[in-house]
Amino acid sequence: MFLLVGMQLFGGIMLRKHVFSEYLVEKGLVDRNEMARAIAASYEISADMGLRQQLNQILSSDDQERLSAKMDAGLSPAQAAASMGVVNESILNELRGNLDVQKVPLSEALIKIGIADRSTIDAWLEEFNRQRIDKDEIATFLSNTPLFKNLSASDLNEIASDLEYRYYRPGETVYGFGTNVEHVYFVQDGLLQLSIESRKRQYELYRLQAGDYFGMYATLSGMPSVEKCSAILDSYLWTLPAAKFDSLLERIPSLAITAARHVSMNLQSSLSGLQNETNRVQTSNIHCIMVPEPALMEKVGATLEKTLLEQSAGDCLLVTANGKPRNAADLEFNPQATIHKESGKTIYRLDLPGYENQFSVEAFALWIRTESKKYSSVVILFSSGSTPFRSHLLGISRRSITFVRDSMPEFLPHLKSGRDLLYLVEKGSSGATLFKNLYQSAPETLAPRSIQEDSFDEEFQNAIRRLIGVTLGIALGGGGARGSAHIGILRVLEQAGLKFDAVSGTSAGASIAAAVAMGKSSTEIQTFFEKNLFGGGHPFSDYTLPIRSLSKGKKVRKIFQKYFGDMPVRHTKIPFFPVTTNMMNGQEVALKDCDMWKAVFASGAAPGLLPLVRINEDWYGDGGLVNNVPASQLKAFGIDIVISVNISVDPARTPFSTNYKIGNAIQRSMVILMDQSVSRHLDFTDVEICPPVEDYRVTDFASGPAIMEIGIQAAQQALPRLQLLLKQRNWKP
């Protein structure tokens, strides 16, 4: 059980009351219920101030005067604007979503709701500021930090005398990009984020929790900060002035050595995080699910609990926010346990009201971050109406899933690839227009998905498994007829019981990955290739006058259209990333808003050999020009373990006839370009399989069975190493 207004602890040591509200409650000057009202009122005041500013930007001078008069009569800004008829509820909601909430002193809220007058508040503040800081308790806190753990008691007491306390609310900046950092910071409690800025985008380096410290590198270097630090939750920090820290380093050589070592470790950690911009705080076990309407929450509850039991390594906490408002002061969280005898696991359930003020949500966020350490997995289920939950819970979640039905979520720009999954629930093709808008508006690598209403239960279960489990994906590289090796590799992995949560492919790899995404088995894929490609000749033999391409591409197009039909990419059973090259700007693109056959054709449309593919206003060609083994697409999507199949060949080890024809020259050019782009996939690969297919050309489709056998042998050799990794990472099918 948890009450919001409590003591701030670290390692069992009670520290000074940093927050005025805590001090007033502990001293009995204000009781808990009054304080809850006051804090809630402070958010209401700040929201009203922000809304008033928004209204002033859209109202005429005359309407602003009318608005002020009505507010002077006791109406809130929203009530006043509605009574004037100048805005409707839809516009008010849009304005509320754009609020720049300002910090309102608690003292003002206490006065506004009549708990105290100005003179009483001034007396309380004076007493609050005279609190004694117990140096022994602070020294104990410092001794628990890795930086100071080897210092003597006298040194720790000296440092404790120089510390200052600071409190930061969620979203508040501790220091920004390019600022001079004048303190070293020690986190007593809370959650903060360090991020850097590159090409006008911010990337998270890592997060800071109780016992962490930061700002040391900027302090030691004397250079402006290259990172930004901001609070995610209410955060309580102790700060040591830079000058004091410098003198400590000069006086205590062992501390200087420790500081240098820790700076080096932090830099290595930062660089590691930047190699994969989807890197998140993997220590978090909190997961969020948002469904379109409250009625759907009951429907998915049983499926969610069953999947939790199957996928989690131990006890779980399932929180359901049912959207029914409750008194803001009633903030007790008491999960109820249900023991499942078969699994030996316990599911704890907490039915949470739909809090509608920031104060209540922050209380829950603080509680859940601490409570989550008791469980293997924590899942929070809430409906789209629970607006305050999103900003807080997305920030502390390892992953999240959002289901939408018939409207664009206003928080779409805040979703992040690698952490958040977005699903459109549609009937038939009714959501085509909305999906196109989602695709165009979502962050580039978010990859929104589409699921059908009649298969929602099955798809929901798969989505939950991807949310809380360890996910597995496979990236199939390009290489023409050499792609037959993919079929043999899939056969071995399929027999070993591996199931993929997402697939990506380039060129030939895209055609096979597409079949996997549709739910086809390796046997079914082999049958398709035997009927259409292994019979001799090759699908590029419908030559034409080489104005746009050497081949008309009609044979390939018919094969793909027959096999994939008119299924859109968004309707595949598992996420599919067909990689192409946008010939207008040279950028890598994983097509989402088109039919499967067209995406697959575009992914293998080697310029000069096959005609380019026009989708909307752009032309697309072979993805091998930019990313021949697209493992990066899977990592950006958030896949934990990526298998890469590389069928590229070294141009120096493959023959090229001096008596070449135009087709040979084009194929050779593609081999060289693919070889140039292929090395980058290793940065995003956990296990690589490289079947030795150098003896075969990209047009040797008649040799498909022999190439497939090479794939089988390569997969069998790699399988023990892969199975060991899956066991170490606790992967479950």
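Reader: Which helix does Asp155 lie in?

Author: Happy to start there. This is a predicted model, where local features need pLDDT of at least 70, side-chain atom pairs count only at pLDDT 80 or more, and totals for chains, interfaces and linings use all residues. Residues are numbered from 1 along each chain as its sequence is written, and side-chain values use heavy atoms, leaving out hydrogens and water. Helices (H or I, at least four residues) and strands (E, at least two) are DSSP runs numbered from the N terminus, and the run at residues 153-162, with Asp155 in it, is helix H9.

Reader: Is Asp155 buried or exposed?

Author: Buried means under 20% relative accessible area, exposed over 50%, and partly exposed in between (1.4 Å probe, protein chains only). Asp155 has a relative accessible area of 13%, so Asp155 is buried.

Reader: Which residues does Asp155 touch, not counting those up to four places away in sequence?

Author: Contact means heavy atoms within 4.5 Å. With that sequence limit, Asp155 touches Arg251 and Ile252.

Reader: In strand E10, what is the bridge partner of Tyr185?

Author: Two strands pair if DSSP finds at least two bridges between them. Strand E5 (residues 183-189) and strand E10 (residues 235-241) run antiparallel and are joined by six bridges. In E10, Tyr185 has as its bridge partner Thr239.
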